[in-house]
Amino acid sequence: MSINLNIPENDPFSKKQPIRAHRRRLQESSRLGQRNFHPELEALPLLKDTPPDQQDKLFAAKLKQCCVIFDFSDCVSDLKSKEIKRACLNEIVDYITVTRNCLTENVYSEVINMVSMNLFRILPPLGSDSTTSEETGAEDEEPTLEASWPHTQIVYEFFLRFLESLDFQPGIAKKYIDQKFVLQLLELFDSEDPRERDFLKTILHRIYGKFLGLRAFIRKQINNIFLRYIYEYERFNGIAELLEILGSIINGFAVPLKEEHKVFLERVLLPLHKAHSLNLFHPQLTYCIVQFIEKDPALADPIIKGLIKFWPKTCSTKEVLFLNELEEILDIIDSQVFKNICTGLFKQVSRSATSSHFQVAERSLALWSNEYVVQLIEENLDQILPILLPPLCRISKTHWNTNIITLTYNLLKNLMDINKKLCDDVLNTLRDDEQKSIIKEQDRSNLWKRLDKLSLDKKQE
């Protein structure tokens, strides 16, 4: 006898939800599933044992041998060939480091071909638990390390030595290191392996320095990566490294700044502050912002207004980061620019100081331990004190954290020492306003009582 259960399709109990487990991802090969149909590699003669007139030919042969790619997801296959390739890579690294005039024109194409074959690949897909990384915190996950790193690392080292060689000629190399090559290099910044991103950062910086014709293109493509991160996916592993490169690029900008650089600051760097994972690249972003202000002090005005615009409302961790960045900006701000923006700025600082989260409040009050910031405040006390004093008086009586209350009392004492008369005037105005609000509240309450009494009288009639 069979039982037929008619379960409706929308029954929530008929579908079993998978249990979400946090998986520690250690290694993954970007060459997964790649089948090698090449014969086993044979070791070529050593370059140091070869006559000088034959070294160019052998060097090219070794570069071709290094183009053979292996699947490192299989730990036991092609062990001998893998070791031969590793030894060959180490040998050519040493060769271009110590040998002068080894980079002939014919070698450039072989070098770029070998580098492209080994480095440019489709990165491994994100793990099944990666979609929830923003909920659990991206820093809780172990990064996925590149399994082919024993070979890839040496290829990166070789390419870096190639670019830094005294024999390197950008005029020849520009035929091979072109926009397509740079674009593929930038895509690799999404690698989860921090060791690879560190090499890429140095290599891209060398390319930017040596190839003047590629500079605008590199900046544009970095700009595009940031825009996609801000407005589309908000997932890219190499944001911190790209910002680090940008920091040194901005440092080299000519003064006065071009309009395109100011637009980049306004439309790209400032909106990066709204990213959920700001903590992953905030130090590098702050450095870029500070560099812009050092180039053009007038930019502090739109920068601080941009920070206030993107100021976090509910995330206390981000708010502490914003306050850290704000102090670095105030350290180098021009006094005239500060005077123009101090009203809006200290409205936000006072809101942070009254935060119920003690770390946010503590970091806000810590601004007064900076001597230059205190000096700027003293010069504009008539504008700042009416904004700042009322919330400070309130939190000195109502905040739950004793440390915050102590800091607030000390700050109030310092403000009284700076300008007692102004403080008294503000406090008197505050008392008058409080008295007026009490009277207004009493009048409102009395009015409602009279209305209630009139209503009851009508019902009794």
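1. A nonpolar core is taken here as a set of buried Ala, Val, Leu, Ile, Met, Phe, Trp, Tyr and Cys residues joined through side-chain atoms within 4.5 Å; buried means under 20% relative accessible area, exposed over 50%, and partly exposed in between, with a 1.4 Å probe and protein chains only. The model is predicted, with local features needing pLDDT of at least 70 and side-chain atom pairs counting only at pLDDT 80 or more, while totals for chains, interfaces and linings use all residues. Residues are numbered from 1 along each chain as its sequence is written, and side-chain values use heavy atoms, with hydrogens and water left out.

2. The largest nonpolar core holds 129 residues, of which Ile177, Ile207, Leu269 and Phe338 touch the most other members. Its main contributor is helix 5 (residues 149-164), with nine residues; helices (H or I, at least four residues) and strands (E, at least two) are DSSP runs, numbered from the N terminus. Apart from residues up to four places away in sequence, Phe338 touches Leu330, Ile333, Leu345, Phe346, Leu376, Ile377, Asn380 and Ile384, contact being heavy atoms within 4.5 Å.

3. A second, separate core has six residues, including Phe70, Phe72, Ile84 and Ala147. Ile84 belongs to helix 2 (residues 79-98) and counts as buried because its relative accessible area is 14%. Beyond its neighbours within four places in sequence, Ile84 contacts Leu41, Glu42, Ala43 and Gln65. Leu44 is 40 residues from Ile84 in sequence, with a C-alpha to C-alpha separation of 8.9 Å.

4. Gln291, in helix 12 (residues 282-295), is buried, since its relative accessibility is 6%. Leaving out residues up to four places away in sequence, Gln291 is in contact with Gly247, Ile250 and Asn251.

5. The whole structure contains zero disulfides, a disulfide being a pair of cysteine sulfur atoms within 2.5 Å. Cys102 is buried at 2% relative accessibility, and Cys342 is buried at 0%.

6. The second largest pocket has a volume of about 340 Å³. Among its 13 lining residues, Asp190, Ile225, Arg228, Tyr233 and Phe236 are the closest to its centre. Helix 7 (179-187) and helix 9 (215-231) are the elements that each give two or more residues to this lining, and helix 9 has the largest share, five residues. A pocket is an open set of points on a 1 Å grid over the protein atoms alone, where a 1.4 Å probe fits, with protein on both sides within 12 Å along at least five of seven lines; lining residues have an atom within 4 Å of a point. Points are joined across faces, edges and corners, and the volume is the space filled by probe spheres set on them.
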